[in-house]
Amino acid sequence: MDIYQTATQRRSIREFKDKAVPYEILEKCVNAARLAPSAANRQLIEYVIVDDEKLMPSMFDAVASWFGVSRPKEGWPPGRRPKAYIVSLIDLEAEAERGVGRTNALFDVGMAAENIVLVAEEAGLGSCAITGFSPNRLRQVLNVPAKYETALMLALGYPDESPVVEVATDSIERYMDDKGVRHIPKRELKDILHRNRFP
Ligand SMILES: Cc1cc2nc3c(=O)[nH]c(=O)nc-3n(C[C@H](O)[C@H](O)[C@H](O)COP(=O)(O)O)c2cc1C
């Protein structure tokens, strides 16, 4: 797939096959993140690859928000949960020293995360970015030192769902239909694109 296809066909995936993800793919994802744009090249972000099966239940439990309201109360069965996570950490000491500001640090996280997502996608993996997690629980599970902020989780695995994109007309609210398919309304290009000056 070329980059345009990969970027446009990608959807957030929250249900996965019961199939392990090779560590080499995850490492490749982080290498692509390492080489992402970085404000003033300050490189404040570090990563934790989590692929130890023993950690999966606690990682899943650290997530508070899966697709908003449609997470079943009990969660979904372990066989359909993410098989790996990549956690982005901001080194707060480096941030204070190299000072590019909060916003730039967060932009770095986002730009690097998209590199991870696209490389994962190309390797046949699905992913879901997650900020709806408990930072304290995640810190405990991974024993993250105090100098790091846990900025973003990316859940990964081989996809076992096919969310569909639709044109957002009245609402941008995502929903799951009665067949369990997630629907993702996206605003149309004509509604978000401006060329040159506003009239
Ligand atoms: C910064 C950020 C945080 C997100 N946090 C969560 C989250 O906590 N839980 C979740 O299920 N999805 C989360 N998502 C995924 C979005 O819900 C998803 O991108 C959105 O519904 C659009 O769907 P799509 O990715 O398939 O285009 C997050 C995405 C981004 C970019």
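Which domains does the domain assignment of the protein give? Domain 1 covers 3-162 and domain 2 covers 163-199, with bounds that come from an automatic or database domain assignment. The model is predicted, so local features need pLDDT of at least 70 and side-chain atom pairs count only at pLDDT 80 or more, while totals for chains, interfaces and linings use all residues. Residues are numbered from 1 along each chain as its sequence is written, and side-chain values use heavy atoms, with hydrogens and water left out.

We can turn to strand S2. Strands are DSSP runs of E with at least two residues, numbered from the N terminus.

Strand S1 (residues 45-50) pairs with S2 in the antiparallel sense over 6 bridges, and Tyr-47 stands opposite Ser-88. Strand S4 (residues 148-157) is likewise antiparallel to S2, joined to it by 8 bridges. Ser-88 has Leu-152 as its bridge partner in S4.

A further sheet is open and consists of 3 strands in the order S5-S7-S6, with mixed pairing. Strand S5 (164-167) and strand S6 (175-176) stand at the edges with a single partner strand each, so one side of each is left without a neighbour in the sheet. S5 runs parallel to strand S7 (residues 182-186), and 4 bridges join the two. Within this pairing, Glu-166 stands opposite Pro-185.

How do the two domains meet? Their centres, taken over C-alpha atoms, are separated by 24 Å. Contact (heavy atoms within 4.5 Å) involves 11 residues of domain 1 and 11 residues of domain 2. The domains bury about 910 Å² between them, 55% of it on carbon and sulfur atoms; buried area is the accessible area (1.4 Å probe) that two parts lose on being put together, summed over both. Arg-11, Phe-67 and Ser-162 supply 62% of the area that domain 1 buries against domain 2, more than any other three residues.

Across this interface there are 2 salt bridges, each defined by a side-chain nitrogen of Lys or Arg within 4 Å of a carboxyl oxygen of Asp or Glu. Glu-161 forms a salt bridge with Arg-182, with the closest N and O atoms 2.7 Å apart.

Methods
Pairing = 2+ DSSP bridges.
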